[in-house]
Amino acid sequence: MYKIIRKKELVSQIYLMDIEAPRVAKNANPGQFVIVKVDEVGERIPLTICDYHREEGTVTIVFQTLGMSTKKLAALEEGDYIRDFVGPLGNPSEVVMDSVEHLAGKKIVFVAGGVGTAPVYPQVKMLKEKGIDVDVIIGTKSKSTLIFEEEFNQVAKNLYVCTDDGSYGFQGLVTDRLKKLMEEEGKAYDLCVAIGPMIMMKFVSRLTASYKLKTIVSLNPIMVDGTGMCGACRVTVGSEVKFACVDGPEFDAHLIDFDEAMRRQSMFKTAEGKKAIQMEQ
Ligand code: NAD
Ligand code: FES
């Protein structure tokens with residue numbers, strides 16, 4: 001059993017929780033995920049790790065209430081316990097785990113979308129700790145759904161917030177902002193990391209391919225059980241078949257068949273996932 005140490009509703013229906021899980025915290029690295037199971041009969045929820053504190057033994061998760069399981073999770077309070085908290089799973093982000101010598105001088109831009117903004121944070125934080133400055137673009141529906149702005153202000157060199165409705169920051173999609181940075185504001189990036197809804201990652205990938213800008217994405221949204229058993233997260237990467245939960249979750253975006261992955265996502269998804277897909281469309 002894993003104790004909820006801190007719970008906070010960041011914005012409507014998006015919650016942050018610090019979970020006491022010393023073994024996970026000790027071994028976690030940016031880019032990895034955990035499987036959360038609220039109770040004996042609950043669905044397995046794969047969530048990308050949003051922060052960890054090795055000394056306190058806590059791991060931070062951020063989730064949106066979409067179906068029964070995430071609603072059950074959100075109903076728990078500080079001091080309550082979660083049945084299972086398994087991890088860290090998947091591979092750490094190769095970008096942030098790279099050596100300082102290799103990273104030095106690289107111009108990196110992170111593109112974070114919606115709830116996917118939270119898992120970008122530990123990556124940018126670790127790069128900052130290594131002395132590597134990066135730019136961050138956050139895209140969200142409106143000012144009222146923006147998360148982690150303060151946190152990114154502490155760790156990003158430049159933070160560019162965009163809202164779909166123009167209620168805060170730049171009005172437009174993350175792809176519009178990225179294009180503007182590269183075409184009008186003289187940014188010449190060497191690497192892009194995009195984490196958010198599948199549709200966003202698909203269009204970021206399409207844009208960056210046209211600039212020959214190497215791009216990494218995290219395929220957490222197509223996972224169901226996170227164990228390599230259900231087959232839901234099968235994805236074609238170049239000429240190879242991969243499983244996001246075992247071989248990823250991060251892959252070279254320009255090698256991914258996004259349309260196939262998104263078709264499979266809609267076939268396999270649980271109640272949580274189906275609602276997420278409907279929200280993206
Ligand atoms: P959202 O629908 O608010 O989209 C976030 C941003 O993505 C938008 O503001 C926009 O800038 C951009 N975007 C959306 N459609 C686009 C398009 N067609 N072209 C270019 N840019 C586009 O996001 P949300 O509702 O918070 O997203 C929830 C999704 O995030 C869930 O499906 C969840 O699976 C996913 N998620 C992904 C990860 C990951 O590791 N990749 C982690 C957590 C959550
Ligand atoms: Fe089931 Fe990867 S999520 S096999």
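Me: What distance separates the centres of domain 1 and domain 2, taken over C-alpha atoms?
Reply: The model is a predicted one. Its domain assignment gives domain 1 as residues 2-89 and domain 2 as residues 94-280. Taken over C-alpha atoms, the centres of these two domains are separated by 21 Å.

Me: How many residues does the contact take from domain 1, and how many from domain 2?
Reply: Contact here requires heavy atoms within 4.5 Å. On that criterion, the contact between the domains takes 27 residues from domain 1 and 30 residues from domain 2.

Me: Which side chains meet in a salt bridge, and what is the N to O distance?
Reply: Between domain 1 and domain 2 the count is one salt bridge, and the count of residue pairs in polar contact is three. K125 and D51 meet through their side chains in a salt bridge, with an N to O distance of 2.9 Å.

Me: Which classes of residue make up the side of domain 1 that touches domain 2?
Reply: Elements giving two or more residues to this side include the strands β1 (2-11), β2 (14-20) and β3 (33-37), as well as the helix α2 (68-75). By class, the side of domain 1 that touches domain 2 has 16 nonpolar, eight polar and three charged residues.

Me: Is T48 buried or exposed, and which residue does its side chain join in a polar contact?
Reply: T48 is found in strand β4. Because its relative accessibility is 11%, T48 counts as buried. Leaving out residues up to four places away in sequence, T48 touches G31, Q32, F33, P119 and N220. A polar contact of 2.9 Å joins the side chain of T48 to that of N220.

Me: Which residues of α5 are buried?
Reply: Helix α5 spans residues 121-129 and is mostly covered, with seven of its nine residues buried. The helix is followed by G131, which has a positive phi near 85 degrees. The buried residues of α5 are Y121, P122, Q123, V124, K125, M126 and L127.

Me: Why does T208 count as buried, and which backbone oxygen does its side chain reach?
Reply: T208 has its place in helix α8, residues 198-210. Its relative accessibility is 0%, so T208 counts as buried. Beyond its neighbours within four places in sequence, T208 is in contact with L178, C192, L213, T215 and H254. At 3.2 Å, the side chain of T208 reaches the backbone oxygen of S205.

Me: With which residues is V204 in contact, leaving aside its neighbours within four places in sequence?
Reply: V204 is found in helix α8. With a relative accessible area of 1%, V204 is buried. The C-alpha atoms of V204 and K128, 76 residues apart along the chain, are 24 Å from each other. Leaving aside neighbours within four places in sequence, V204 is in contact with V111, V174, T175, L178, C192, A194 and T215.

Conventions: Residues numbered from 1 in each chain as written. Chains lettered and ligands numbered in written order. Predicted model: local features only at pLDDT ≥ 70, side-chain atom pairs only at ≥ 80, totals over all residues. Heavy atoms only, no water. Domains from an automatic or database assignment. Salt bridge = Lys/Arg side-chain N within 4 Å of Asp/Glu carboxyl O. Polar contact = N/O pair within 3.5 Å; in protein donor to acceptor, adjacent residues only side chain to side chain. Helix = DSSP H or I, 4+ residues; strand = E, 2+ residues; numbered from the N terminus. Nonpolar A, V, L, I, M, F, W, Y, C, P; charged D, E, K, R; others polar. Buried < 20%, exposed > 50% of the residue type's maximum accessible area, 1.4 Å probe, protein only.
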